[in-house]
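Student: Please take me through this structure, one point at a time.

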Amino acid sequence: MSRENQPRSRLEDSSPIPGHLVRAQLRRIAISEDFQRCDRSRRFLTYIVEETLAGRGERLKAFSVATSALDRDDTFDPQADPLVRIEASQLRRRLERYYLTGGRNDPIVIDLPKGGYVPAFSLRPVQSVPVQSSGSATPPNGRRGVAGVAAMVSVIACLMIGAHAFGGSDRMTEMFGGSSIQILPFTPANDDRSAAIAAGMADELTQALTRQGAVAVFGRGAVEYARDRRPSSVLTGSVRTSAGTVRVTASLVDTANGTYIWTQAYDRPITEPVLETQGAFAASIVENLARAE
């Protein structure tokens with residue numbers, strides 16, 4: 001049986017994860033800020049989780065999702081309308097972002113594997129917390145968050161003035177405490193222009209931040225990290241269009257506590273070529289990150 005068709009994940013003792021625990025995790029996700037802002041993703045996730053828990057995972061096809069969760073009627077044609085594929089892609093991004101930020105310590109992971117619409121449930125491994133010596137005690141979350149922000153701002157500022165003047169990436173990592181960032185795919189609105197621009201934003205930003213080699217940039221796709229290998233910040237955003245304008249909203253989130261460090265919106269004319277628009281947005285975002293306080 002393929003992963004897409006498995007209705008439930010299993011714990012190490014081979015017993016299924018109880019449905020009430022999965023539903024409790026679903027509620028945690030549904031009330032998070034990102035999912036509160038997007039009713040479609042919330043309804044999509046709720047529907048596929050409840051259907052899977054009810055033993056109807058094999059029925060989760062594009063047509064059933066569209067007509068039961070996304071307000072489409074019986075005339076919906078999955079071959080002609082990519083709505084469900086687009087919404088599934090956005091749901092995967094939101095789940096990834098959630099588990100990197102506010103849900104980083106949640107006991108159960110709900111995932112939507114590519115290639116289908118059946119969610120996967122897994123128990124997060126328990127990680128031991130190393131005991132620190134009295135001389136290296138971890139500061140309170142608030143102070144640690146401020147220190148992390150300051151380190152990130154300093155690193156990105158050095159990008160703008162030339163990192164190699166300081167002797168290369170290894171020395172820069174030492175100087176600023178190993179600050180790191182992961183750039184998640186940007187979420188587009190439901191139009192072709194937004195989708196085209198969003199598709200390249202993460203790559204443009206990755207290039208801008210790694211070109212100088214002054215800050216560690218995590219690769220995309222992984223949700224789970226070892227405790228000492230989690231990125232200190234996550235950069236993400238959205239793309240939408242209106243009245244001849246493309247608007248990109250970018251946000252930097254502290255993975256230590258799930259709070260927003262910085263967020264800002266940028267506008268460009270909708271008539272610009274896609275590659276030019278992506279490059280201009282990326283340059284503006286990196287520049288303003290350097291100025292953030």
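Student: What share of the contacts in the chain with a separation of 6 or more comes from residues 24 or more positions apart?

Tutor: This is a predicted model, in which local features need pLDDT of at least 70, side-chain atom pairs count only at pLDDT 80 or more, and totals for chains, interfaces and linings use all residues. Residues are numbered from 1 along each chain as its sequence is written, and side-chain values use heavy atoms, with hydrogens and water left out. Contact means heavy atoms within 4.5 Å. Among contacts in the chain with a separation of 6 or more, the share from residues 24 or more positions apart is 61%.

Student: How many helices and strands does the chain have?

Tutor: Helices (H or I, at least four residues) and strands (E, at least two) are DSSP runs, numbered from the N terminus. The secondary structure of the chain comes to nine helices and eight strands.

Student: Is α3 parallel or oblique to α4?

Tutor: Axes are lines fitted to C-alpha atoms, for helices over the stretch in contact, and angles run from 0 to 180 degrees between N-to-C directions. Helix α3 (residues 39-53) packs against helix α4 (residues 62-69) at about 120 degrees, with the axes 10 Å apart. Angles under 35 degrees count as roughly parallel, over 145 as roughly antiparallel, 65 to 115 as roughly perpendicular and the rest as oblique. The angle therefore makes α3, relative to α4, oblique.

Student: Which residues of α3 and α4 make the contact?

Tutor: From α4 come Ser64, Val65, Ser68 and Ala69. The α3 side consists of Arg43, Phe44, Tyr47 and Ile48.

Student: Which residue forms an aromatic pair with Phe44?

Tutor: Rings of Phe, Tyr and Trp (its six-membered ring) pair if their centres lie within 6.5 Å; planes under 30 degrees apart count as stacked, over 60 as edge-to-face and the rest as tilted. A search of the whole structure finds two aromatic pairs. One of them is tilted, at 6.4 Å centre to centre and 50 degrees between the planes, and it joins Phe44 to Tyr117.

Student: Is Gln278 buried or exposed?

Tutor: Gln278 belongs to helix α9 (residues 274-291). Buried means under 20% relative accessible area, exposed over 50%, partly exposed in between (1.4 Å probe, protein chains only). At a relative accessible area of 5%, Gln278 is therefore buried.
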